[in-house]
Amino acid sequence: MRAVLPTGLAALLLAVPAFAARSGPSSSWLTQARCVHLKEGSWKANTGNGYFGGFQFAAKTWVRIGGRRDAAFGHPGDAGFPFSATAAEQLHRAWLLWKADGGTWRSWGAVGAACSTR
């Protein structure tokens, strides 16, 4: 798990400039998104719990906010089918979901609540 954190942080830091230029979230939102990501998992996560990627999206939620279907959805828990969306794409979809939720992290439950106070 600790080896995944530096890799995840690096991916987040590389994705943030491109993402920010596209959508313009506040630095506060990006700090909160980083917190959520660090508590949720790797960008490629497919652990079999029904949630995927660095923000642990449910497949239905991912598709509802405009994400493409992913092979990982049909093979939960199979390491041969990692979640394939880029970190930038996952950030964009998290931003869309956050806005759809009225500017809250409610879709991320307790993790979202803990990170929204940062």
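## A tour from core to pocket

Start with the largest nonpolar core of this predicted model. Select W29, F55, F57, W105 and W108: of the 24 residues in this core, these touch the most other members. Then colour by element. Two elements, α2 (27–40) and α4, each give two or more residues to the core. The top contributor is α4, with six residues. In general, nonpolar side chains of soluble globular proteins tend to be buried together.

Next, select α4, residues 87–100. This helix has 14 residues. From first C-alpha to last it reaches 20 Å, close to the 20 Å expected at 1.5 Å a residue. Now show its buried residues: A87, Q90, L91, H92, R93, A94, W95, L97 and W98.

Step just past the end of α4 to G102. Its phi is positive, about 75 degrees.

Move to Q56, in the loop between β1 (51–52) and β2 (57–58). Here phi is near 50 degrees, a positive value in a residue other than glycine. Is Q56 buried or exposed? Q56 counts as buried because its relative accessibility is 11%, below the 20% cut-off.

Finish at the largest pocket, which holds about 170 Å³ of space. Select W62, G66, G67, R68, R69, D70, F83, S84, A85, T86, E89 and R93 to show its lining. By class, the lining has five charged, four polar and three nonpolar residues.

How values were computed
Residues numbered from 1 in each chain as written. Predicted model: local features only at pLDDT ≥ 70, side-chain atom pairs only at ≥ 80, totals over all residues. Heavy atoms only, no water. 1 Å grid on protein atoms, 1.4 Å probe; cavity = no way out; pocket = protein on both sides within 12 Å on 5 of 7 lines; lining within 4 Å. Points joined across faces, edges and corners; volume = space filled by probe spheres on them. Nonpolar A, V, L, I, M, F, W, Y, C, P; charged D, E, K, R; others polar. Helix = DSSP H or I, 4+ residues; strand = E, 2+ residues; numbered from the N terminus. Buried < 20%, exposed > 50% of the residue type's maximum accessible area, 1.4 Å probe, protein only. Expected span 1.5 Å × (residues − 1). Core = buried A, V, L, I, M, F, W, Y, C linked by side-chain atoms within 4.5 Å.
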